[in-house]
Amino acid sequence: MTTASQTLDRAGIAERIPHSGSMCLLDRLERWDAESIHCSTRTHAQPDNPLRTAGGLLAPNAIEYAAQAMALHGGLLAAAGSTPSAGFLASARNVRLSVARLDDIDGALQVQARRLSGDTNQILYEFAVNDSGGRVLAEGRAVVVLNTPLATGATTQ
């Protein structure tokens, strides 16, 4: 099933995910459907990237790029006028990194995620972050947990 072929710029993405300002890492929604999402970005090359350390923007940060694509996917799938389910990244598994750093990658990063399974409590995605030539920089699987006290910010006594 394919949904409307909607693209979004950085401002449109920031309206739909819980990250704002420089922490919104995605520049453009390229395409999406009910099972997958593809975004692109050049924020990895910015010297003020909030994930950058003295050693540069290290490759494990690709997981955060993918997590933001997953959050955007969830927001796009939410019914019109509703609030998307709150979620958090519970685990990342089988992560394979083929580079040490992202900040020295030329061109836009291509961030893709595909929903493998899920329900109202959790979703399993596979993800890949590629360079503009299609070389895989990072890939793996991630579980997003929804509607829990941790995801919604609620506390229990």
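I looked up Gly 118 and found it in strand β5; strands (E, at least two residues) and helices (H or I, at least four) are DSSP runs, numbered from the N terminus. The model is predicted, so local features need pLDDT of at least 70 and side-chain atom pairs pLDDT 80 or more, while totals for chains, interfaces and linings use all residues. Residues are numbered from 1 along each chain as its sequence is written, and side-chain values use heavy atoms, without hydrogens and water.

I noted Gly 118 as partly exposed because its relative accessibility is 43% (buried is under 20%, exposed over 50%, partly exposed in between; 1.4 Å probe, protein chains only). Its C-alpha atom lies 9.6 Å from that of Val 145, 27 residues away along the chain.

I then listed contacts (heavy atoms within 4.5 Å) of Ile 37. Leaving aside residues up to four places away in sequence, Ile 37 touches, among others, Leu 29, Trp 32, Leu 72 and Val 111.

Finally, I checked the lining of the second largest pocket by class. I recorded 5 nonpolar, 4 polar and 5 charged residues there (nonpolar: Ala, Val, Leu, Ile, Met, Phe, Trp, Tyr, Cys and Pro; charged: Asp, Glu, Lys and Arg; polar: the others, Gly among them).
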